[in-house]
Structures are given as C-alpha cells and as structure tokens.
Amino acid sequence: MTDLGEMSYFLGMEVQQSQDGIFIGQQKYAKKVLKKFKTDLCKPMSTPLMQNEKLSKDDGATKVDEGWYQSLIGYSMYLTATTPNLMFVVFLLSKFMHCASELHFKATKRVLRYIKGTENFGIMFKKSTNLKLVGYFYSDHAGSCDDMRNTSGYVFSLGSGCFPWSSKKQDDVAQSTVEAEYVAAAGGVNQAL
C-alpha cells in the first residue's frame, strides 16, 4: 500500500482541501466537454434553460444526429456529480435521446453555454460544528407536454454543501398542483429519513 498524500483528483473530479473545508469541482472535465463539442470559445449563459420552455417529442422540427445528442447528454450527466443545478435540465433533455430534433439541439447548445459560464462552480463542504439538515423539494404540475406527468426533485444540505439531489418524473399523473407537491414532498421525506 502506498500513501499518495491528500487526494487532489479522482475520476474527473478536482478536490481542493484547505483549513476551511473541501471544495469539489470539475473544471478540467467541463473544459474537456466544451472542447469536444467545439464550444470552448462560446459566449456564456447565466441559466441552463429558457424560462417556461416546454419541449416535446413530436415538435415537428427536423431530427438531428442522435449519436451526437446522446454523447452530449452522457457527458452532461457526469457533470451533475458536482453541479446539482444541471440536474433538472439534463434530466429533461435526456427524455429526447431517441427523438432529438433541432429544438432539443438548440436547448443542448444553451446547456453548453451555461457550462462555459459555470465551469469553475462546484460544491464547498465547510467545516462546521453546528450541522443543520435542510431540504428543498419541488414539483412542476403537468410539466411534460407528452404525457402530462410531473417532475419532482429534492436537494439536501448538511452544513454548507449539497450532498444528495434528484430530479425524476413522477410515476402517476397528479390531478392538481397540491397532489404533485405532496408526491414530491413524500419522496424527499423518504430520502431524508
């Protein structure tokens, strides 16, 4: 067994350890993704998705190369390991991997531009003596244009950094926004327990 010292890089994640805590990011990996998809010189965006944008499988737009689209979604999924704010949009775009169109392609280009603007982001776990578990839940009622199902998600923090997060489509169609919120809260509470 060999002692290699403090961990600084592991599976594409950069780890910076200091007296204040531990920062985990994927700047090197993000730059690799941007270079692979020839967007390393693009203009950055502040949000990964346009507000109230609704995407559908049958949008009538021209179909695009599925291999390229699937590759981009795969690379983006790995970025969600240290960038939870990408989780929802990557989940949303992954639903169209077998029917990708120009509109979906345009949305993925916006995600790449968002990655360009946030490539230095990550998760900071600060040292703390007062740990408090905080959880957030969300749900979008009838967010999917194709089957009217809701997407729900949660994120938890203990102290300073987020540690579990999720975004997934609910199994049943909710009849109201209240029902959709209850399903999201129940999933989050199960995770908390």
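Me: Which residues touch the most other members of the largest nonpolar core?

Reply: L86, V89, L93 and I115 do, in a core of 25 residues. Helices α1, α2, α3 (87-94) and α4 (102-117) each put in at least two residues. The largest share comes from α4, with five. Keep in mind that this is a predicted model, where local features need pLDDT of at least 70 and side-chain atom pairs count only at pLDDT 80 or more, while totals for chains, interfaces and linings use all residues. Numbering starts from 1 along each chain as its sequence is written, and side-chain values use heavy atoms, with hydrogens and water left out.

Me: What makes a set of residues a nonpolar core?

Reply: The members have to be buried Ala, Val, Leu, Ile, Met, Phe, Trp, Tyr or Cys, joined through side-chain atoms within 4.5 Å. Buried here means under 20% relative accessible area, with exposed over 50% and partly exposed in between (1.4 Å probe, protein chains only). Across the whole chain, 36% of the 193 residues are buried.

Me: And what does I115 touch, leaving aside neighbours within four places in sequence?

Reply: I115 is in contact with A30, L34, S76, L79 and L86. Contact means heavy atoms within 4.5 Å.

Me: How many helices and strands does the chain have?

Reply: Five helices and seven strands, in the order β-β-β-α-α-α-α-β-β-β-β-α. The C-alpha trace spans about 55 × 40 × 35 Å along its principal axes. Of the contacts between residues at least 6 apart in sequence, 68% join residues at least 24 apart.

Me: How do you know that α1 and α2 are roughly antiparallel?

Reply: Set the angle against the cut-offs. Helix α1 (residues 27-36) packs on helix α2 (residues 66-79) at about 170°, with the axes 10 Å apart. Under 35 degrees is roughly parallel, over 145 roughly antiparallel, 65 to 115 roughly perpendicular, and the rest oblique. The α1 and α2 pair therefore counts as roughly antiparallel. The axes are lines fitted to C-alpha atoms over the stretch in contact, and angles run from 0 to 180 degrees between N-to-C directions.

Me: Which residues of α1 and α2 meet?

Reply: Y29, A30, V33 and K36 from α1 meet S71, Y75, Y78 and L79 from α2. By class, that makes six nonpolar, one polar and one charged. Nonpolar covers Ala, Val, Leu, Ile, Met, Phe, Trp, Tyr, Cys and Pro, charged covers Asp, Glu, Lys and Arg, and the others, Gly among them, are polar.

Me: What makes α2 and α3 roughly antiparallel?

Reply: Their axes come within 10 Å and cross at roughly 155°. That puts α2 and α3 in the roughly antiparallel class, therefore. The contact uses Y69, I73, S76 and M77 of α2 with V90, L93 and S94 of α3. It has five nonpolar, two polar and no charged residues.

Me: Why is L11 called exposed?

Reply: Because its relative accessibility is 59%, L11 counts as exposed. L11 is placed in the loop between β1 (9-10) and β2 (13-17), and its phi is near 50°, a positive value in a residue other than glycine. As background, most residues other than glycine have a negative phi.

Me: Why does K38 count as exposed?

Reply: K38 comes in at 74% relative accessibility, so it counts as exposed. K38 belongs to the loop between α1 and α2, and its phi, near 55°, is a positive value in a residue other than glycine.

Me: What about K31: buried, partly exposed or exposed?

Reply: K31 has 41% relative accessibility, so it counts as partly exposed. K31 is in helix α1. Its C-alpha atom is separated by 26 Å from that of V155, 124 residues apart along the chain.

Terms used
Helices (H or I, at least four residues) and strands (E, at least two) are DSSP runs, numbered from the N terminus.
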